[in-house]
Amino acid sequence: GAKALGLDGVIGRVAPGLDADLVAIDVPDAVSGAALIDHLLFRHDAGPVRATYVRGRRLDPPIDTPLAR
């Protein structure tokens, strides 16, 4: 995608000097395969989200998430 847009020198992979958006998610050990996809996509809250990074900078958690309590 990044190469097709002519942005492969700016985005497209996690590397020093490039912009990256990442989400760190806590996944239960007992969940795998299709159940893992369901667990991540169909949650109604941000419970498993441990950290969010935009352009390599960590965002503070919103006040109403378990992480902020």
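The following is a short exchange about terms used for this predicted model.

Trainee: What should I know about the numbering and the cut-offs?
Mentor: Residues are numbered from 1 along each chain as its sequence is written. The model is predicted, local features need pLDDT of at least 70, side-chain atom pairs count only at pLDDT 80 or more, totals for chains, interfaces and linings use all residues, and side-chain values use heavy atoms, without hydrogens and water.

Trainee: What is the mean pLDDT of the protein chain?
Mentor: pLDDT is the predictor's confidence in each residue, from 0 to 100. The chain has a mean of 79, and 83% of its residues reach 70 or more. Among the elements, helix α1 (residues 33–41) has the lowest mean, 80, and β3 the highest, 86.

Trainee: How do you know that β2 and β3 pair?
Mentor: Two strands pair if DSSP finds at least two bridges between them. Strand β2 (residues 49–54) is joined to β3 by 2 bridges, so the two strands pair, and they run antiparallel. V54 has R57 in β3 as its bridge partner.

Trainee: What makes β1 and β3 edge strands?
Mentor: The order in the open sheet is β1-β2-β3. Strands β1 (22–25) and β3 (57–58) each pair on one side only.

Trainee: Why is I25 called partly exposed?
Mentor: Buried means under 20% relative accessible area, exposed over 50%, and partly exposed in between (1.4 Å probe, protein chains only). I25, in strand β1, has a relative accessible area of 38%, so I25 is partly exposed.

Notes. Helices (H or I, at least four residues) and strands (E, at least two) are DSSP runs, numbered from the N terminus.
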